Amino acid sequence: MPKPYPTLPEGTRIYAVGDIHGRLDLLETMGKAIESDLKKRPIADPVTVFLGDYIDRGPDSQGVIDFLVDNHHRTPRQICLKGNHEASLLEFLEDAGTLYHWEDLGGMETLLSYGLSHHDLMGSAGAESVQTIFKENFSKLHETFFRSLELYYKRGDYLFVHAGIRPEVALAEQSEDELMWIRGPFLNYEKSFGLFVVHGHTPVEHIDRRTNRLDVDTEAYASGQLTCAVLEGSKMQYITATTDSWELFDFIPTHK
């Protein structure tokens with residue numbers, strides 16, 4: 001029989017941060033919020049889980065990756081998951097022909113943040129030229145970070161994943177594409193997934209808790225608000241961060 005509330009092991013707190021999409025300013029505020037919360041409420045095993053989609057659409061994708069790389073070995077322990085936008089960048093590194101699909105997803109903003117010019121992107125040289133320049137500007141450190149991203153993270157009764165999972169399919173049998181791209185079959189499923197799923201990918205106006213999942217993608221690049229679930233024991237809280245302020249809330253409404 002499923003538990004009425006998902007729980008984490010004693011002494012563990014997880015901060016699960018939604019889609020950042022190039023908003024370094026919001027990420028910096030969220031970093032300060034998490035640091036401040038840990039000073040006020042120390043705990044033995046704090047973990048920050050970033051749910052993917054660090055790049056594209058917003059103005060400073062390179063700065064976001066710098067932040068994540070620089071903080072990777074600091075407290076709290078950091079888990080970075082792979083989103084569909086990171087997958088699109090990696091595909092472009094291998095196949096220049098995917099450029100236009102990536103640009104449709106907001107990849108132009110990422111290319112600009114890595115030092116390409118509008119002339120580079122609008123010129124007649126083509127996708128291969130853009131790929132060559134990008135590879136020259138894309139550091140090996142950043143490439144290593146992208147290639148090391150995990151698809152999901154499990155802890156206690158929770159599963160953290162970028163987009164979601166296909167219902168009634170074992171986790172080991174889930175495809176990589178579905179973990180990063182799925183929407184309808186996952187979002188419309190109302191039964192238990194076996195684990196309580198914390199995810200991003202699908203934008204919502206406010207953090208959205210359902211009986212079997214929690215969506216923390218508040219479309220930071222457009223809304224100016226980055227959201228982070230704060231999970232400890234059987235308690236759920238959340239932080240909202242703007243450019244210059246943040247707030248911790250003690251209650252997440254449940255939607256049927």
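Glu-143 counts as buried, at 17% relative accessibility. Buried means under 20% relative accessible area, exposed over 50%, and partly exposed in between, with a 1.4 Å probe and protein chains only. Its salt-bridge partner is Lys-140, with the closest N and O atoms 3.7 Å apart. A salt bridge here is a side-chain nitrogen of Lys or Arg within 4 Å of a carboxyl oxygen of Asp or Glu. Lys-140 counts as exposed, at 65%. Both residues lie in helix α8 (residues 140–147), three residues apart, about one turn of the helix. Helices (H or I, at least four residues) and strands (E, at least two) are DSSP runs, numbered from the N terminus.

This is a predicted model: local features need pLDDT of at least 70, side-chain atom pairs count only at pLDDT 80 or more, and totals for chains, interfaces and linings use all residues. Residues are numbered from 1 along each chain as its sequence is written, and side-chain values use heavy atoms, leaving out hydrogens and water.

**Salt bridges**

The structure holds eleven salt bridges.

| Acidic residue | Basic residue | N to O distance |
| Asp-45 | Arg-155 | 2.5 Å |
| Glu-143 | Lys-140 | 3.7 Å |
| Glu-178 | Arg-166 | 2.3 Å |

What does the bridge between Asp-45 and Arg-155 tie together? Asp-45 lies in strand β2 and Arg-155 in strand β4 (residues 152–155), so the pair ties together parts that are 110 residues apart in sequence. Asp-45 is partly exposed, at 22% relative accessible area. Arg-155 is buried, at 18%.

Glu-178 and Arg-166 also meet in a salt bridge. This pair links distant parts of the chain, twelve residues apart: Glu-178 is in helix α9 (residues 176–181), and Arg-166 is in the loop between β5 (158–161) and α9. Arg-166 counts as partly exposed, at 32% relative accessibility. Elsewhere, salt bridges that share partners join Arg-13, Asp-37, Arg-41 and Glu-232 into one network.

**Negative patch**

Glu-91, Asp-95, Glu-128 and Asp-177 gather in a patch of negative charge on the surface. Patches are made of residues with over 30% relative accessible area and no salt bridge, like charges being joined within 9 Å. One member, Glu-128, lies in helix α7 (residues 127–137). Glu-128 counts as exposed, at 52% relative accessibility.

**Cysteines**

How many disulfides does a search of the whole structure find? It finds zero. A disulfide is a pair of cysteine sulfur atoms within 2.5 Å. The sulfur of Cys-80 is 13 Å from the closest cysteine sulfur, in Cys-228, which is too far for a bond. Cys-80 counts as buried, at 5% relative accessibility. Cys-228 is buried too, at 0%.

**Positive phi angles**

Most residues other than glycine have a negative phi. His-21 is not a glycine, yet has a positive phi of about 50°. His-21 sits in the loop between β1 (12–17) and α1. Is His-21 buried or exposed? His-21 is buried, at 3% relative accessible area. Asp-56 also has a positive phi, near 75°. Asp-56 is found in the loop between β2 (45–50) and α2 (61–70). Asp-56 counts as buried, at 0%.

**Helix α1**

Glu-28 lies in helix α1 (residues 24–40). Glu-28 counts as partly exposed, at 37% relative accessibility.

Definitions and conventions. Patch = residues over 30% accessible without salt bridge, like charges linked within 9 Å, V, L, I, M, F, W, Y side chains within 5 Å. Areas by Shrake-Rupley, 256 points an atom, 1.4 Å probe, with all protein chains shown as cover. Lys, Arg positive; Asp, Glu negative; His and termini not counted. Charge placed at Lys NZ, Arg CZ, Asp CG, Glu CD.
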